[in-house]
Amino acid sequence: MRHHVGHVWFRQALIMGSAFSFVFCTDTKELSSISGISMSPSRQNSHHSLHSTMALPKTSYSVLSAFCTEENISQCIAYINQVHYKGMSLESKSGNLSTVPVLNLLYEVLQLQRRAQRALHELETQQLMNGSDLEHLQHSNCRLKDQLEHTRRENSGLHEGERQLQLKIKTLHNCLKSEKEEVQKLQSIISSRASQYNHDTKRKERECTKLKERLNQLLVDKRDKKLSIEISNYVGRSDGKRGLWKTGKMEARHEGEMYRALLSDYETRQRSLMMENSELKKVLQHMKKDMIAILSPKKPCVQPEPADDSLEQAGSEGEEETGDCSRESLEQSCERAREQLTKSIRLQWRKLKSHVERLDSQASLVACQEREGDEMMSRKEHEDEMQRMRLDLQQCKEFIHMQQQLLQQQLSSPCDEETAALLNDCYTLEEKERLKEEWRLFSEQKRNFERERKNFTEAAIRLGHERKAFEEDRAAWLKTQFSNMTPFVDRKRPALSEPHSALAVSESRLTPHHCYAIHHVQKKGLKCKFHNMK
Amino acid sequence: MNFSEVFKQSNQLCKVSPDGKYLATCVQYRLVVRDFNSLQIVHLYTCLDQVMHMEWSSDSLFILCAMYKRGLVQVWSLEQPDWHCKIDEGSIGLVSSRWSPDGRHVLNTTEFNLRVTVWSLCTKAVSYIKYPKACQKGVDFTADGRYMALAERRECKDYISVFVCDDWHLLRHFESETQDLAGLEWSPNCCVLAVWDNCLEYKILLYSLDGRLLSSYSAYEWSLGIKSVTWSPSSQFLAVGSYDEKVRILNHITWKKITEFEHPTTIINTKAVVFKEVEKRPVVGSEDLSIHQLTVDNSLFSTQSKYEITQLPAQVPVIKPDPDRANPKIGISALAFSADNRFLATKNDNMPQSLWVWDMLRLSLLAVLEQTAPVRCFVWDPHRPRLALCTGNTKVYLWSPAGCVSVNVPVEGSFQVQSLFWHCSGSSLVLLSKEHICLCYVEAEEEK
């Protein structure tokens with residue numbers, strides 16, 4: 001408010017102060033017009049003009065003197081009356097100014113000026129104060145802002161710290177829980193152990209009391225039952241041997257036996273381990289060979305380029321390995337050989353694995369390709385088929401056409417009876433010839449059949465004879481055996497002669513049966529032949 | 001399958017002679033020896049008191065009967081029935097008695113495990129072994145009967161003594177690296193001794209015959225450890241069953257674990273077959289309820305059962321053990337390899353109704369048998385890969401790779417099979433109930 005009032009006051013003062021300068025400003029023209037002097041424009045609006053108004057009397061005297069001259073007194077008076085605020089007016093009496101009102105006016109004006117200056121001074125001081133206040137406030141503002149920033153940072157820092165502490169609390173909680181559980185577990189263990197100890201102690205205590213009782217009893221009871229053995233007669237040792245005296249040699253023998261037992265056990269164990277070892281090594285060798293075989297590039301199947309060199313590499317390595325195999329089999333227990341074997345196995349296995357993976361990817365690729373290729377192939381095939389079918393169709397059409405033509409020709413051709421008969425005759429003749437040929441063939445085959453049938457029957461008869469002869473021989477042999485066992489030797493002769501008659505009988509008996517069989521066989525044979533002919 | 005008639009026995013004392021010819025049973029204070037094939041009584045002996053333990057000698061010529069209360073051991077001869085032998089331990093008492101492998105010495109463990117007395121039947125010699133350890137399995141003989149391993153405890157430390165059974169000469173005596181030795185067992189090839197700690201510490205040590213430590217294996221610390229140990233017949237594998245419900249297989253070359261078999265509650269392995277025993281109740285018509293029918297035909301009361309294959313994934317019934325008790329019922333308590341090494345049968349105590357069969361060739365689960373009652377006893381056929389088990393009811397169950405079958409024991413009254421064992425030829429089973437025995441003749445092939 002003060003500021004504002006001051007401002008207004010200042011303004012007013014300024015206005016008042018500038019009234020003069022204004023007067024001077026506005027009237028510079030007039031003045032200049034009146035008195036013909038020019039004012040420098042820099043003096044008009046500047047602050048310094050106020051100060052300059054202080055020094056007004058000195059300099060302005062010259063201006064006043066310029067303002068008012070003997071000539072324009074009345075004008076000047078009129079002007080002043082017009083301009084000044086106070087109601088005092090200058091009156092011109094007879095063209096000469098009375099000094100009293102002028103001095104009064106002047107005094108007034110001076111007073112005003114003094115007041116104005118004071119006000120100005122006050123305002124200036126006020127302004128300074130305000131300025132410094134403002135500065136002070138700005139400074140404090142800055143400071144407070146900084147403080148705020150600082151406190152904000154501190155706050156976030158504290159938040160962070162709190163968060164970490166919370167985390168710590170959580171982990172400590174968990175630790176505490178686990179520790180509690182552990183403690184519980186240990187407590188349960190302790191309690192079970194304690195109960196076990198108690199149980200054992202109680203048992204021992206009971207035993208102790210029993211012992212004490214027994215001791216008491218023994219001390220009291222004079223009748224001491226001696227320990228003894230009553231045996232009707234001593235029995236022999238279980239192995240039947242005589243008992244031996246206990247000597248140092250016996251002790252040594254026992255020691256020896258014990259060590260022998262231990263040694264034999266170790267030996268058997270070592271043997272079994274060696275066997276197991278060699279078996280496992282063999283298995284590994286086989287595996288390695290198999291793997292090398294699988295990896296060797298002997299298959300011609302399609303494989304992309306990058307696979308080949310690795311296969312070749314494997315192949316070459318395989319060759320190396322096979323050379324090593326023999327060496328390995330010799331140094332079976334050598335550790336280096338064992339390491340070598342395991343290393344080579346691992347290598348082969350890795351190769352096999354990569355190979356299989358590659359094959360898998362290839363297979364999937366090829367499968368995709370094939371699927372596409374199939375379609376293309378089928379389309380191509382389809383087209384080929386179509387072409388072929390078209391060709392066939394064309395040929396068939398032509399053939400039909402030709403046939404039709406011939407038929408037409410036949411039907412439409414003028415043929416007299418003679419030629420027709422001749423033609424017919426030709427045809428029948430042709431047919432006759434054909435039939436004759438076929439008949440000839442047929443009779444030939446029949447003759448062949450007859451021959452074969454005869455051969456077959458003869459063979460069958462021979463077989464029957466042979467079989468019977470064999471049977472009879474066997475029977476004879478058995479009979480001889482039997483008769484050798486029995487005391488009746490002269491029975492042999494008639495036994496031997498029988499088979500012959502049997503054969504004769506059997507022969508007669510056999511042939512019809514055979515004939516039937518042969519007939520059957522013949523039939524079958526014929527049938528087969530006919531089938532073949534067809 | 002044929003069943004013989006029922007005979008009496010007491011204390012589950014029924015043993016077949018090692019040569020397979022005789023069957024000895026104890027009935028109170030009598031010892032009855034029968035011919036195995038005809039089941040005719042061959043010998044009858046009378047002991048001085050109720051027999052607590054009975055054992056055949058290795059050559060099938062003698063039988064040992066121990067009466068712990070009286071501290072007496074009586075030995076009977078089969079060849080000479082009038083031969084007698086009585087061993088009196090006197091005031092020192094008797095806790096256990098056993099034969100030596102040669103069948104001519106009797107080893108008696110006195111009360112409070114004060115000492116082991118070795119009585120000879122051939123000579124007048126008596127040997128004493130001091131400070132034997134009282135544990136799950138403190139004495140073991142090699143398969144060939146040459147050596148004996150004995151666990152001892154002196155001044156709060158475990159020792160192992162190896163004796164030559166010939167003349168009881170102390171071959172080796174060495175300290176064992178166990179905290180509290182629970183058991184020891186020779187490998188079937190007689191060269192390695194497996195020694196394991198008690199359940200408070202999982203540790204199994206392997207000693208060579210001459211006392212050198214070959215290897216030590218410990219799967220974990222602090223939790224309860226080993227529950228059962230068994231060798232495979234070829235000595236290739238050592239199966240260790242522990243309280244964490246797992247079986248770990250160690251191999252004989254490196255003595256390191258080659259695999260571990262878990263017993264999960266849900267079976268998702270697709271190669272395994274889960275057989276579930278399902279009882280089928282016979283339908284009874286009202287007109288069948290005649291007295292005659294009831295007494296003669298037992299099938300009315302005894303339920304038939306059969307196996308069904310369960311779809312995978314299958315749930316195995318679990319019984320949670322009481323955590324506060326000592327020796328909790330959890331973990332692998334029984335392991336057995338088949339005679340051909342191919343299979344391993346295991347039983348997990350908190351799944352008492354299930355029996356697990358593992359294939360050793362593939363090292364994976366082959367079959368799970370889920371029974372209607374807790375499995376009491378299971379034994380492999382000594383020749384074939386065939387497993388017989390019983391659950392305390394009237395049935396005997398057989399599993400083979402071809403399948404499994406449940407057979408009711410057709411005995412008048414009910415015959416609750418408590419335990420069973422095979423005859424050494426593998427052609428028959430001896431079933432024991434509380435008071436009786438029954439023989440079961442099994443054919444060579446069994447199918448489902």
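Chain A exposes about 43600 Å², of which carbon and sulfur atoms supply 59%; accessible areas come from the Shrake-Rupley method with a 1.4 Å probe, and for residues only the protein chains shown count as cover. The model is predicted, so local features need pLDDT of at least 70 and side-chain atom pairs count only at pLDDT 80 or more, while totals for chains, interfaces and linings use all residues. Residues are numbered from 1 along each chain as its sequence is written, chains are lettered from A and ligands numbered from 1 in the order in which they are written, and side-chain values use heavy atoms, with hydrogens and water left out.

Chain A has eleven helices and three strands, taken as DSSP runs numbered from the N terminus (helices: H or I, at least four residues; strands: E, at least two). Of its 534 residues, 16% count as buried, that is, under 20% relative accessible area, with exposed meaning over 50% and partly exposed in between (1.4 Å probe, protein chains only).

At the interface, 42 residues of chain A are in contact (heavy atoms within 4.5 Å) with 56 residues of chain B. The two chains bury about 4500 Å² between them, 55% of it on carbon and sulfur atoms; buried area is the accessible area (1.4 Å probe) that two parts lose on being put together, summed over both. Gln196(A), Leu227(A) and His254(A) supply 14% of the area that chain A buries against chain B, more than any other three residues. The rule finds three salt bridges across this interface, each a side-chain nitrogen of Lys or Arg within 4 Å of a carboxyl oxygen of Asp or Glu. Lys86(B) forms a salt bridge with Glu230(A), with the closest N and O atoms 3.8 Å apart. On the side of chain A that touches chain B, the elements giving two or more residues are α6 (99-220), β3 (228-231) and α7 (248-295).

Ser208(B), in strand β20 (residues 204-208) of chain B, is buried, with a relative accessible area of 3%. Ser208(B) touches Leu262(A), Cys191(B) and Leu214(B), not counting residues up to four places away in sequence.
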